[in-house]
Amino acid sequence: MADTRSEGDLKNKVRDKVLEIRNDDMLDMMMSFHASSILIEVDDIPDALELLYDEDRITRDLTAQLLTKEDQDFQKALADSNIFQVIRSLLEGDDEDLTISALSTLSKLWRYGDGIIANNLIELITQLLEKGSGRVKDAAVNTLRSLITPEGFPTEGSINNMREMFKIFIGSNGLNRVVDLIHDKEVTNIKDVMLMIGMLSGPEHAQEIIELDILDRIFSFLGDQNGAVDLMASTILANLGCREDVKDEIVTRLKEKLNSEDEIVRGASRTALTSLYSLTEDENLIDTGLVDEVLTMMEGDKESDNLIMLFCQLNETGLLEAFLERGPLPRLKEMLDMDDRGHEAWTILGLLEQKCSEEVLEGTGILEKAVSILNDERDHIKYGATDLFRYISNSDHAELLIKYKTVGPLIGLLSRGENTTVVVMIFEGLAERGFTQDLMDEGLLEAVGQLLESEHSSLHGSAYKAINIFIDNGMAEKIIKAGYANTLVRDLDNEDTIFDCLYALRDMAEGGLSGSLIENGVIPRLKELAQIEEYRELASEILVLINRENR
């Protein structure tokens, strides 16, 4: 069929969409969404390339998004077009805005690495790290990072291209130029600079980085207000610290930083030491002062930014026993229902439970308090308790949930539609460990009925997951007697619950209950669903099971 679109149709669509985008408060975040609403075909590529020269930045950015279309034919046509020559001309031009736009466009086209390589664009970008303005350098380092470590799902071909681009980057004196940027006051994109150095700080290039004498500058970023920069500084120091020729210097300086008055600097230094310990397993790197730091942070009524991170480090370096010897559990119990500290306490308790359950949970009063908190009006406190019970239900100590009578209060949460997903996960864990009858005795089946009667169909999915607990544990007849098979058939018309219903119906059919399903009129609806691609496989499987049993 002939193309009936008028000339310039894409340009008009883009400009109309740009007018709409200008009124959007979330401009950058919504760009991909706006681009997806414009249909672009292979024939539109020449017009799109022209729009990359447009004087309006938003038009250029939107066009760059359009060119990332996930379509094989389109991608081949784009790679065969002169897009990389267009980008090269923009990078070599004098218009700073167009240069930055070209860099942004290129970062989105990482899948076409062979075209990037063939047009020598890596070398050109590497030169911009040295010759461009601060804005151009910021954009160039961002583009290099995107090309060498892109987000998304690389193919085997694009992975090979990335490796080749990385070699070209190194061969173009890229390492030296990136490292120079951390001394460049015009550069504001320090995060990507540090990410690039972090990528290069492994064994293969560590010697080159050390020779560039940047340790002082890297140390200066410990405690940086930008968390990504702070974290990369710790990572780089840990990577470089694996080298014997600088290890002593790095470790000594990190330990000196542990005495800093700045909590963030102390935390970053400990992160570096912990990472270095995990890389070398050198016990001399274990910071025994970490226990004191964690205990100090547990004091007071206000949340501490680094408590969870430092506790995880304490966990990684084998200091849990030393921590417990200091008697922290009474304070931890106090924190459980504190507005600003409850989240920290529940997180720490969950980690402790996985490591030393009996010592933490028995005889401390913590479990009794956790059960009482299930009736708390504050969701963030109450859900901390359910998370703890989820850990326990999947552990060798699941019987503690029966012993401390948690099932009744948890069923209460389920009946009220509160945190149903986690509650059902707890019940699934208990059932797997042989406590299905306890769940029945406490009234779980009745609670399921209340959920199914709810006007909120989102709760029905949790109900069907709970129903599967009984089906999977040989109690499917209880479901039939309770009349829930009819509800299952009814909810096959509800898009929010179709999959949950189908899984429950499959388990019932496998359990020999096909006759009851037929009585409830399930066959016609299953045949309809079997014609829909999304549900075809599961619906067809159930029909086969029913037919097999009723031959």
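**Notebook: helix 17 and its surroundings**

I began with helix 17, whose buried residues (buried meaning under 20% relative accessible area, with a 1.4 Å probe and protein chains only) pack against helix 14 (206–211), helix 15 (215–220), helix 16 (227–240) and helix 18 (263–280). I note that this is a predicted model, in which local features need pLDDT of at least 70 and side-chain atom pairs count only at pLDDT 80 or more, while totals for chains, interfaces and linings use all residues. Residues are numbered from 1 along each chain as its sequence is written, and side-chain values use heavy atoms, with hydrogens and water left out. I take helices as DSSP runs of H or I with at least four residues, numbered from the N terminus.

**Helix 17 itself.** I looked up its extent: helix 17 (residues 244–257) has 14 residues and reaches 20 Å from its first C-alpha to its last, close to the 20 Å expected at 1.5 Å a residue, the expected span being 1.5 Å times one less than the number of residues. Its buried residues are Val246, Lys247, Ile250, Val251 and Leu254. They lie on the same side of helix 17 because they cover an arc of only 135 degrees around the axis, taken from the directions from the axis to the C-beta atoms. I recall that an α-helix has 3.6 residues a turn, so residues three or four places apart point the same way. On the face turned away from the buried side of helix 17 I found the exposed residues Asp248 and Glu256, where exposed means over 50% and partly exposed is in between.

**Helix 16 against helix 18.** I then checked two of these neighbours, and the axes of helix 16 and helix 18 come within 8 Å and cross at roughly 35 degrees. In this contact (heavy atoms within 4.5 Å), residues of helix 16 including Asp230, Leu231 and Ser234 meet residues of helix 18, among them Ile264, Ala268 and Thr271. The residues of the contact divide into 7 nonpolar, 4 polar and 1 charged; Ala, Val, Leu, Ile, Met, Phe, Trp, Tyr, Cys and Pro count as nonpolar, Asp, Glu, Lys and Arg as charged, and the others, Gly among them, as polar.

**Two loop residues.** Asp213 lies in the loop between helix 14 and helix 15, and I noted its phi near 55 degrees, a positive value in a residue other than glycine. Asp213 counts as exposed because its relative accessibility is 63%. Asn173, in the loop between helix 11 (156–171) and helix 12 (174–181), also has a positive phi, near 65 degrees.

Note on methods: Axes are lines fitted to C-alpha atoms, for helices over the stretch in contact, and angles run from 0 to 180 degrees between N-to-C directions.
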